[in-house]
Amino acid sequence: MRVYWAQLDTRFPQVEAVFEDCMLEALTLLTRPAGLDAYLEAASAIGKLGRGVEPMLAFMEEWPGAAKAVGEAALAPVMEAVRVMQKSPNGRAITPFLETLAPVARRLKSPALLQDYLAITLDFMARTTGSIHGHHTTFPSPGLPEFFAQAPNLLSQLSVAGLKNWVEYGIRNYRTHPERQKDYFSLQSADSRAVLQRERHGTLLMDVERKLDLYLRGLWQDSEQLVPYSTAFDEIRKPIPYYDKLGIRVPDVYNDAHGISGLDRYRAVLAHIVGHRRWSAALVADNWSPFQRMAVEFFEDCRIETLLIREYPGLRRLFLALHPHPLEAACDPATTSCLRHRLVMLSRALLDMDHGYVDADLNAFAARFHAILGEGDASTREIAALALSYVAKTRRQSDQFAKVHFTDTVIDYRDDNRQLWKFIESGDEEESFDAPRKIEPDQQLSSLPPRHYPEWDYTSQTYRPDWVSVYEALHPSGNAADIDRLLAKHGALAKRLKKMLDLLKPQDKVRIRYQEEGSELDLDVAIRSLIDFKGGATPDPRINMSHRTNGRNIAVTLLLDLSESLNEKAAGSDQTILELSQEAVSLLAWAIDKLGDPFAIAGFHSNTRHDVRYQHIKGYGEHWNDEVKARLAAMAAGYSTRMGAAMRHAAHYLGARSADKKLMLILTDGMPSDVDAHDERLLIEDARQAVKELERQGIFPYCISLDPKADEYVGDIFGRHYTVIDHIERLPERLPQLFMALTK
């Protein structure tokens with residue numbers, strides 16, 4: 001670390017205090033030595049701008065996370081933007097720019113989109129920076145710092161194209177009104193929110209990326225990274241989806257179209273690309289004409305989609321809804337090149353048996369295509385031979401005309417087919433698709449992508465967007481017999497609990513008496529009313545009764561703090577806190593299972609905000625069986641306690657349950673803390689805010705603390721909804737009893 005500190009070349013004590021933590025993250029995320037050297041060089045340059053310590057701290061904390069999201073090559077344009085701001089009157093905007101760099105990068109997830117974001121930023125700065133005499137800029141842009149502060153929030157709702165339009169409106173209308181410009185770019189003015197709402201359309205990739213990732217893994221056994229691009233800056237030729245060694249490139253936003261949602265449009269694109277990755281083989285392209293290559297691509301696309309539809313027939317509706325259906329007489333070959341028009345009609349005919357076209361050549365080749373596919377999957381080479389026959393049969397002189405018919409010829413869910421071609425002669429088009437791509441099994445389905453959560457900053461009373469990264473996985477397994485031995489050890493306690501459980505179990509039917517209308521007559525009340533009537537008194541009309549089912553409708557999540565402190569010996573016991581917790585959780589799980597309530601168990605620990613681990617021990621759909629017991633037997637403790645992020649993630653699953661009461665039990669032995677949170681109130685206040693969020697979602701959080709000093713802070717987090725167990729050795733007995741008291 002001393003070598004790196006010398007390379008940084010700074011004397012700020014605030015930087016020295018966090019330098020080791022920043023470098024540990026950088027060593028984990030950046031390449032060596034190039035990435036680390038560039039990181040330290042850039043940090044040193046920012047520290048010497050004369051802007052104080054804040055921009056340097058912001059860069060050192062934010063850049064490793066940003067580099068992970070968009071790549072280390074993005075450092076050069078970021079530093080260029082910093083230099084441009086420094087040379088202008090906008091030097092004070094450097095700090096908010098760097099503070100929001102990581103959440104912005106995580107939303108964009110591509111160096112190209114980050115370049116677009118920087119272009120919007122620098123254009124905004126140039127057009128709103130003021131000048132007295134019109135030659136030299138003198139006044140900083142009033143709205144630039146506010147824009148940077150709102151950028152993560154804006155990009156969570158807008159595509160890059162929408163962001164560009166929103167910024168353009170603000171510049172055009174408020175360039176000469178400093179105060180109104182501030183209100184607009186800080187989202188305080190009504191028209192700012194109105195324009196934001198107007199630009200919010202379509203399905204953002206960042207909102208559905210997790211669903212698409214699971215779709216690829218679950219349905220197609222593929223795990224390629226999704227890399228977004230923007231269509232905002234390419235007016236002449238819009239980008240087309242494609243894939244390469246770095247991932248699958250798709251638009252950052254899809255609007256609903258032809259009755260198909262944006263999410264389903266993404267699914268259609270990914271299915272088509274996966275089909276190519278499965279069944280397409282590259283052909284040597286050097287001696288093929290453009291017409292021949294186009295024809296081969298159309299035929300191969302249709303072969304791939306036919307095979308996909310065989311595997312999942314529901315894709316047919318999706319493909320046909322998105323595939324254009326051009327009119328047969330729409331193109332005039334006397335004046336226009338109808339090449340694209342003919343190929344799209346053929347493509348439609350190959351997928352749609354009810355296409356309605358009467359052209360003899362089209363129908364003949366459609367029949368030949370279906371005959372080849374009827375014998376099996378065919379191959380790229382066989383389909384290419386059919387495409388060459390089509391070219392030879394249908395070539396026309398008018399295909400060379402400069403005027404080309406483009407109406408209803410764009411099939412926007414298909415990729416650009418660059419993977420279909422390889423070149424003998426080296427050139428700019430060459431791609432390394434020759435070698436078959438291998439996906440290692442342990443990389444394919446080993447872990448899920450992180451879920452990012454905000455964190456509450458009590459000093460500014462605002463959320464830090466996308467501040468915490470939560471990684472979830474299935475807990476490793478141990479020996480299920482260990483849990484059975486623990487249950488046998490507490491056999492006497494289990495017998496006492498069973499008597500209590502029998503009282504809590506729901507009865508099938510409960511009578512509801514004294515009803516004016518009901519399912520049957522209540523004889524006791526009816527006879528009493530008849531006596532009153534005969535005696536001249538007013539009879540009670542409530543002579544019926546009805547029944548209801550006395551059922552429990554409760555969903556429970558047991559969230560376990562698995563931080564390092566659980567490895568300590570419990571006071572007055574030979575066992576560790578972890579071992580006692582394991583016994584208590586085993587008894588509680590047994591008790592909840594006897595009651596029949598759906599419940600889940602998960603553990604968590606953290607190693608800075610960038611690495612919060614959430615481990616599933618039991619899911620709601622799993623029974624209390626040997627698989628679950630094996631995971632519980634392997635419980636291990638380590639690292640720190642970032643409680644707020646864990647509660648938010650647990651609420652993501654518990655909130656989706658359909659239940660009258662949703663209970664989250666948090667079992668912990670200490671206050672929320674982490675190695676990167678130097679203010680001990682920070683994570684306490686964040687956990688308190690997380691509790692408020694849970695309550696707004698209809699979730700009842702309750703804390704069982706094993707910390708003797710918990711009274712100093714646990715009430716600040718959970719209000720009155722907590723219990724402190726001073727004698728930890730009694731935890732196996734107290735925990736099930738607490739649960740039953742909470743769920744009566």
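This is a tour of one chain, stop by stop, with what to select at each.

The structure is a predicted model, in which local features need pLDDT of at least 70, side-chain atom pairs count only at pLDDT 80 or more, and totals for chains, interfaces and linings use all residues. Residues are numbered from 1 along each chain as its sequence is written, and side-chain values use heavy atoms, with hydrogens and water left out.

**Whole chain**

Of the 744 residues, 51% are buried (buried means under 20% relative accessible area, exposed over 50%, partly exposed in between, with a 1.4 Å probe and protein chains only). Contacts are heavy atoms within 4.5 Å. Among contacts between residues at least 6 apart in sequence, 72% join residues at least 24 apart.

**Helices α2 and α3**

Select residues 13-29 (α2) and 34-47 (α3). Their axes come within 10 Å and cross at roughly 145 degrees (axes are lines fitted to C-alpha atoms, for helices over the stretch in contact, and angles run from 0 to 180 degrees between N-to-C directions). The crossing of α2 past α3 is right-handed, meaning that the near helix is turned clockwise from the far one by less than a right angle.

Now show side chains. From α2, Phe19, Cys22, Met23, Ala26 and Leu27 meet Leu36, Tyr39 and Leu40 of α3. The residues of this contact divide into eight nonpolar, no polar and no charged (Ala, Val, Leu, Ile, Met, Phe, Trp, Tyr, Cys and Pro count as nonpolar, Asp, Glu, Lys and Arg as charged, and the others, Gly among them, as polar).

Move to the loop between α2 and α3, where Pro33 sits. A cis peptide bond joins Arg32 to Pro33, with omega about -5 degrees.

**Helix α11**

Select residues 178-185, where Gln181, Tyr184 and Phe185 are buried. Seen down the axis of α11, these buried residues fall within an arc of 85 degrees, so they line one face of the helix; the arc is that of the directions from the helix axis to the C-beta atoms. Leu187, which follows α11, has a positive phi near 60 degrees.

**Helix α18**

Go to residues 360-374. Helix α18 has 15 residues and reaches 21 Å from its first C-alpha to its last, close to the 21 Å expected at 1.5 Å a residue (the expected span is 1.5 Å times one less than the number of residues). Leu362, Phe365, Ala366, Phe369 and Leu373 are its buried residues. Down the axis of α18 they fall within an arc of 105 degrees, so they line one face. Ala360 and Gly374, on the other side of α18, are exposed. To see what the buried residues of α18 pack against, show α15 (290-311), α17 (339-351) and α19 (380-394).

**Two loop residues**

Select Asp408, in the loop between α19 and β9 (421-422). Asp408 is not a glycine, yet has a positive phi of about 55 degrees. Asp408 is partly exposed, with a relative accessible area of 44%.

End at Tyr639, in the loop between α25 (626-633) and α26 (643-654). The phi of Tyr639 is near 65 degrees, a positive value in a residue other than glycine. Tyr639 is exposed, at a relative accessible area of 52%.

Definitions and conventions:
Helix = DSSP H or I, 4+ residues; strand = E, 2+ residues; numbered from the N terminus.
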